[in-house]
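Subject: Structure for your attention

Dear colleague,

Please find the structure below, together with its sequence. My notes on what was found in it follow directly after.

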Amino acid sequence: MEIEKLAQKIDGRIVLPTDTEYDTLRSIYNAMVDKRPKLFVKCKNKYDVVQAIHFAKNNSLEIAIKGGGHNGAGLALVENGLVIDLNEMKSIQVNVDSLRAVIEPGNTLADVDKATHEHGLALPIGVNGYTGISGLTLGGGLGFLTRKAGLTIDHLIEAEVVLASGEIVTANKNTNPDLFWALRGGGGNFGVVVSFTFNLIAIKNVFAGPMLWPLESADEVMNFYDHFTKNASQDLYGFFAFLTVPDAEAFPESLRNQKVCGVVWCYTGSMDEVEKVFKPIREFGPPILDAVTEMPLPALNSLFDWAYPPGLQWYWKGHYMNELTDESIKEHLKFANAMPTAKSTMHLYPVDGKAHEVALEDTAWAHRDVRWVQVIIGVSEDPKDKKVIRDWSRKYYDAMIPYSSGGGYVNFMMHEGQNRVKQSYKGNYERLRIIKKKYDPENFFHMNQNIVPSA
């Protein structure tokens, strides 16, 4: 049989629907996604990836690439197709002298944080430890260090890629520079990245954590947050959120289950300046919860993992945004008051600071001039809430369209169609289509926010 021949060619293993491991593998971060692939190829190395690609092409199978499986749209799986599962490719090599790390695609952000932090180093990454390094990077990479150090892609210096042809190539600024450009924000459209090489920065501990205010004060908080952060040092980062205080011991009993607004701060400057930096923030309001303190960076990056474990129902959408006008704030408050479940939320992630120092055309990520990436997240533990969280997210999204700067962050998109993908790449889209035609002319890699090859 063809599958038996494939099994003999790889160092990894094949998992079929009849295997006990199958249901575990098809259970990804978003439990709303329910797909049944024909097979999983659990790759041990890049040569297994090559064999999986050849097998899929020879047997006319659609493929999906699974790294961390965190993507809300469920792009890590494909119905009745082949999943190239990279989860066991987890090598991380940190070179302290060169301040570089070579990272395989099966690692999560928690894995990366652990490996770099022990050396007093860090890679600017996202805000959830369960996220895979591969999908996060290829989509751009936003997180607590964005204002200080830019996006994750701004630290990518080389990638090793398996193309649709099965060829293994290197992409950097000198070798296949067009592919290297496209990988920095263009998603999984161009091949399977089997190794990332990043520059690291020296950061160990930060002064960070959430501050919360009553939801009734949200208009004042949003205005304060807007004006205060506009002129803040790049060492200070804070993402704004609407949320319901969890019913957990970590929070005062008097606040639990209340709808509130808040900012999760991260300060990377001198600890001698902490009180000076946070004084005007603490004097504003003041907050009803102030949990900002010194902590290791990995603790901050995984601060909310306990509240959002794998297996919840997720539906998310979002925009790029530049301004918090009085009219937009009224719309925000309308939907904040109507958050349908205790885990539903909305975040505004800053994109200014160091991220603005890269030109729009220097990477595929085309929205360097925006102020925030907004994500609207409907979340529930109960599958019966699927419709209510989807409807709230969609209506909130629609209400924000007049205040959006256009397009959305591809890592926060569901299945939204070609027009939305085109908007999300703006002036870089046609260049991406040309590169797509060169490296994947048949659109073999299409289980993604797809860039269609040029004619």
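The sulfur of Cys266 lies 20 Å from the closest cysteine sulfur, that of Cys261, which is too far for a bond. A disulfide is a covalent bond between the sulfur atoms of two cysteines. With a disulfide taken as a pair of cysteine sulfur atoms within 2.5 Å, the structure holds 0 disulfides. Cys266 is buried at 0% relative accessibility, where buried means under 20% relative accessible area, exposed over 50% and partly exposed in between (1.4 Å probe, protein chains only). Cys43 is also buried, with a relative accessible area of 0%.

Please note that this is a predicted model, in which local features need pLDDT of at least 70 and side-chain atom pairs count only at pLDDT 80 or more, while totals for chains, interfaces and linings use all residues. Residues are numbered from 1 along each chain as its sequence is written, and side-chain values use heavy atoms, leaving out hydrogens and water.

Strands and helices come next; they are DSSP runs numbered from the N terminus (helices: H or I, at least four residues; strands: E, at least two). Strand S17 (residues 313-321) is largely enclosed by the rest of the structure, because 9 of its 9 residues are buried. Gln313, Tyr315, Lys317, His319 and Met321 point one way from S17, while Trp314, Trp316, Gly318 and Tyr320 point the other way. S17 pairs with strand S19 (residues 372-380) in the antiparallel sense over 9 bridges; pairing requires that DSSP finds at least two bridges between two strands. Within this pair, His319 has Gln374 in S19 as its bridge partner.

Lys42 belongs to strand S2 (residues 39-42). Is Lys42 buried or exposed? Lys42 counts as buried, at 4% relative accessibility. Leaving aside neighbours within four places in sequence, its contacts (heavy atoms within 4.5 Å) include Glu21, Asp48, Asp85 and Glu88.

Finally, the axes of helix H13 (residues 418-425) and helix H14 (residues 429-439) come within 8 Å and cross at roughly 110°. H13 is therefore roughly perpendicular to H14. Axes are lines fitted to C-alpha atoms, for helices over the stretch in contact, with angles from 0 to 180 degrees between N-to-C directions; angles under 35 degrees count as roughly parallel, over 145 as roughly antiparallel, 65 to 115 as roughly perpendicular and the rest as oblique. Gln418, Val421, Lys422 and Tyr425 in H13 meet Tyr429, Glu430 and Leu432 in H14.

Yours sincerely
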